[in-house]
Amino acid sequence: MSPFLRRPQLACLRMTMVGLPALVAIACGGASQKSPVAPTSAPIVATASAIPSPQVASNAPRNLTVDFITPLRGWLGRGRGTEGEILTTDDGGTSWAPQYQGEVTPQLMQFVDTAHGWMAGCIFATASSGRCDSLLSTQDGGSAWVPTAWVQNWEPVGLAFVSPTDGWVLAALCGAFYCKDAPAQLFGTSDGGVTWSELPLPASAKSPLSVQRLDADVAWVVTQGSILITRDSGLNWTKVDNPCGLVHPNYGDFYGGPLDFADSVHGWIGCTSRNAGGGMAAKTLYRTNDGGLTWRSIAETQTATIHTQGVGELSWGGSFTDLHFFNASTGWLAFDGPQSFLYQSDDGGRSWNPVDDGVGGGIAHLFFTDSAHGWAWGGVLINTTDAGAHWQKVDTPP
C-alpha cells in the first residue's frame with residue numbers, strides 16, 4: 001500500500017477545557033483497510049444515554065477537527081458556543097454544506113470511506129463545564145449522526161478504525177489534564193460499534209495520549225510514560241519507555257507528544273519541554289528504525305553554548321503539535337505559536353525548512369491525503385494542492 005494512502009487524523013487529540021473548549025494536539029496516525037478483527041474478550045454492550053440540552057452561546061466558530069477521505073471529499077467539525085456542527089465538502093473546500101448541528105461538539109473525527117465515519121465529542125452545559133464521553137457514527141457520509149453503544153463515562157482520546165466494522169477507541173475515565181496518571185483503556189469493536197470489548201493493555205499504562213493503527217495487526221498506543229507496540233491485533237503488547245519521559249540533561253523534562261509512523265519500522269515522536277514560557281520551548285524529535293523498540297534523538301533545539309553533535313536543529317518557537325511523514329525521508333511538522341510554524345524535511349527529520357503557511361501562526365494540526373494535497377488548521381483552515389509549495393486559506397461559512 002502506498003504510504004500516501006495512510007489515513008490521517010485517526011488519533012490526534014486529547015481534550016481539555018479552558019474557558020471555551022480548547023485542544024492540545026498529540027499525534028496523527030494512519031490505517032489501511034483489512035479484514036475485521038474480533039474482540040479478544042466478551043463484548044460490553046452499552047446503551048446510549050439521554051443527553052441534556054446545553055446552553056447556546058453566540059461565539060465565532062472554532063475549527064476543532066478535520067478529515068478528508070480524498071482530496072475533494074471531506075468534513076470539518078467545529079464548535080460554536082456550547083454547540084457543535086459538522087460541514088462537508090465535495091470540491092476540496094471551495095464550498096461547504098452543513099450536515100450536523102447539535103449538542104455534541106466534535107473533538108475527534110474519522111472516516112474510513114465516503115459513507116462510514118465516527119465522531120467523538122463533548123457536551124458542554126456551559127462554556128467551561130461538561131462531559132466528553134459522547135461517540136456518534138454515520139453510515140451515510142454524515143447526513144445522519146447517531147449515538148453508538150459506547151461505554152459510558154470513558155472519554156475517547158483516539159479513534160483508530162481500519163474498516164467500517166473493525167475499530168479501536170483509546171479512552172480515559174477523565175481528561176488526562178484533570179486526572180494525572182489516569183489509567184488508559186483500549187476498546188475494540190468488530191461490528192461497527194454495536195458492541196465493544198476491552199483489549200488488555202499493561203496495567204502500568206496511564207495518561208493515554210494517542211493510538212495509531214498501521215493496519216489491522218500493527219498498532220502503537222502512546223502514553224506519557226510508555227509506548228506500547230502490538231503486531232497481533234492487540235493480543236500481546238511490547239512496552240518501551242516513551243523517550244519524551246526521559247530527563248534531558250540541558251533542558252529538564254519533556255512531555256509528549258505527536259507520534260507518526262510512515263510504515264511498520266520508521267516512526268517519529270516530538271517532545272516539548274515542560275518549562276516552556278513566552279512562546280519559546282525546547283524540543284527534541286526522536287526517530288525509530290525498528291518499529292518503536294529503540295529511539296534516538298535526530299533533531300533538537302540548540303544554543304551557542306549547548307549544541308549536540310550529530311543531530312539537526314529545531315526552532316525555539318512554540319511547541320510540537322503535529323507530525324506527518326509520507327515515507328522514511330519526507331515529512332512535515334507543525335509548532336504552535338505566534339509565527340509561521342510549518343516545517344518540511346527531506347532527510348528523515350534531521351533538518352527542517354520553514355514554510356510560509358500564509359497565516360502567520362496558530363497551526364495546531366496537519367495531514368496530507370496524498371503527496372500533493374494537505375490540510376492544516378487551528379484558528380483558520382488552510383490547504384495546499386502543490387505538495388506544500390503554496391498554502392492558502394480555505395473559506396468556511398460564518
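Reader: Is Arg78 buried or exposed?

Author: Good place to start! This is a predicted model, and in it Arg78 has a relative accessibility of 2%, so Arg78 counts as buried, the cut-off being under 20%.

Reader: Which residue forms a salt bridge with Arg78?

Author: The general idea is to look for a side-chain nitrogen of Lys or Arg within 4 Å of a carboxyl oxygen of Asp or Glu. Here Glu85 is the partner of Arg78, with the closest N and O atoms 2.5 Å apart. Glu85 is buried as well, at 9% relative accessibility. Arg80 also joins in: Arg78, Arg80 and Glu85 are linked in a network of salt bridges.

Reader: How many salt bridges does the count come to?

Author: The count is 5 salt bridges. One of them pairs Arg73 with Asp90, at 3.2 Å from N to O. This pair links distant parts of the chain, 17 residues apart: Arg73 is in the loop between strands S3 and S4, and Asp90 is in the loop between strands S5 and S6.

Reader: Which residue forms a salt bridge with Arg213?

Author: That is Asp166, and the closest N and O atoms are 3.2 Å apart. Arg213 lies in strand S15 and Asp166 in the loop between strands S11 and S12, so the pair ties together parts that are 47 residues apart in sequence. Arg213 is buried at 0% relative accessibility, and Asp166 is likewise buried at 0%.

Key
Residues are numbered from 1 along each chain as its sequence is written. This is a predicted model: local features need pLDDT of at least 70, side-chain atom pairs count only at pLDDT 80 or more; totals for chains, interfaces and linings use all residues. Side-chain values use heavy atoms; hydrogens and water are left out. Helices (H or I, at least four residues) and strands (E, at least two) are DSSP runs, numbered from the N terminus. Buried means under 20% relative accessible area, exposed over 50%, partly exposed in between (1.4 Å probe, protein chains only).
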